[in-house]
Amino acid sequence: MNTHSNILDHTSIGATTPNRTLQMALAAWRQGKLVELIDQFNDQFTFTDHALGLEFKDKQRLTEFLAALQEHFPDWERRDNTVLSGGDRVISEWTLTATKAEPFLDGRPRKVSINLQGISVVQIKNGKIIQWSDYYDQLKSRRQGVAALFTEWIEV
């Protein structure tokens with residue numbers, strides 16, 4: 001997955017600010033370094049994908065989910081359009097693009113574009129992520145087939 005961001009941080013690059021912590025997490029995610037990404041999370045954390053109805057509090061389970069995202073959408077790109085911060089929270093408004101293969105005529109695959117816009121609200125304490133919540137259009141994600149790929153993760 002690729003991420004691009006415009007982090008609005010006017011502090012020293014060496015400082016561990018909430019913006020810097022999020023920036024390091026997104027850079028690791030962009031590079032497919034899930035261990036480094038998960039290292040940015042506190043031992044006690046909550047990661048919630050509100051559109052898919054998923055919540056993770058276990059680093060191993062979150063790692064498995066993120067690996068599944070990379071497997072299903074190897075070309076996806078997250079572009080952070082606006083990043084705002086205050087106190088221990090960072091809010092990122094983002095656009096996610098990807099393609100997925102689906103059967104077409106005679107079973108031949110065709111590539112279908114996915115384009116979602118959403119926000120992430122991230123709370124950071126002592127340089128670690130303690131809460132990450134993603135919000136985006138649930139109906140659009142279902143229409144574009146994103147939710148269908150992760151039904152095994154959704155607890156009924």
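User: In what order do the elements of the protein chain run from the N terminus on?
Analyst: The order is β-α-α-β-β-α-β-β-β-β-α-α. That makes five helices and seven strands. Keep in mind that this is a predicted model.

User: What share of the chain counts as buried?
Analyst: Of the 156 residues, 42% count as buried.

User: And the surface?
Analyst: The chain exposes about 8600 Å². Carbon and sulfur atoms supply 49% of that area.

User: How much of the contact count comes from residues 24 or more positions apart?
Analyst: Such residues account for 55% of the contacts with a separation of 6 or more.

User: Let's go inside. How many residues does the largest nonpolar core have?
Analyst: It has 34 residues. Those with the most contacts inside it are W29, L37, F41, L62, F65, L66 and W132.

User: Which elements supply this core with at least two residues each?
Analyst: The helices are α1, α2 (34-39) and α3 (59-72). The strands are β2 (41-49), β3 (54-56), β5 (89-103), β6 (109-125) and β7.

User: Which one gives the most?
Analyst: Helix α1 does, with five residues. In soluble globular proteins, nonpolar side chains tend to be buried together.

User: Which residues of α1 are buried?
Analyst: P18, N19, T21, L22, A25, L26, A27, A28 and W29.

User: What span should α1 have, and what does the model give?
Analyst: At 1.5 Å a residue, its 13 residues should span 18 Å. The end C-alpha atoms are 18 Å apart, so the two values agree.

User: What follows the helix?
Analyst: G32 follows α1, and its phi is positive, near 75°.

User: Now aromatics. How many pairs are there?
Analyst: The structure holds 10 aromatic pairs. One of them is W29 with W132, an edge-to-face pair. The centres are 6.0 Å apart and the planes make an angle of 75°.

User: Where do those two sit in the chain?
Analyst: W29 is in helix α1 (residues 18-30) and W132 is in strand β7 (residues 128-136). They are 103 residues apart, so the pair links distant parts of the chain.

User: Are W29 and W132 buried or exposed?
Analyst: Both are buried. They also belong to one aromatic cluster with F41, F45, F47, F56, F65, F73 and W76.

User: Which residues does S133 contact, leaving aside neighbours within four places in sequence?
Analyst: T48, H50, I119, S120 and V121.

User: Switching to charges. How many salt bridges?
Analyst: The count comes to five. Among them is D43 with K59, at 3.3 Å, N to O. D43 lies in strand β2 and K59 in helix α3, so this pair ties together parts 16 residues apart in sequence.

User: How exposed are D43 and K59?
Analyst: D43 counts as exposed, at 64% relative accessibility. K59 is partly exposed, at 23%.

User: What about E64 and R61?
Analyst: Their side chains meet in a salt bridge at 3.7 Å, N to O. Both lie in helix α3, three residues apart, about one turn of the helix. E64 is partly exposed at 35% relative accessibility. R61 is partly exposed too, at 32%.

User: And R79, which residue does its side chain meet?
Analyst: R79 meets E77 in a salt bridge at 3.1 Å, N to O. R79 is partly exposed, with a relative accessible area of 40%.

Definitions and conventions
Residues numbered from 1 in each chain as written. Predicted model: local features only at pLDDT ≥ 70, side-chain atom pairs only at ≥ 80, totals over all residues. Heavy atoms only, no water. Phe/Tyr/Trp six-rings, centres within 6.5 Å; stacked < 30°, edge-to-face > 60°. Helix = DSSP H or I, 4+ residues; strand = E, 2+ residues; numbered from the N terminus. Buried < 20%, exposed > 50% of the residue type's maximum accessible area, 1.4 Å probe, protein only. Expected span 1.5 Å × (residues − 1). Core = buried A, V, L, I, M, F, W, Y, C linked by side-chain atoms within 4.5 Å. Contact = heavy atoms within 4.5 Å. Areas by Shrake-Rupley, 256 points an atom, 1.4 Å probe, with all protein chains shown as cover. Salt bridge = Lys/Arg side-chain N within 4 Å of Asp/Glu carboxyl O.
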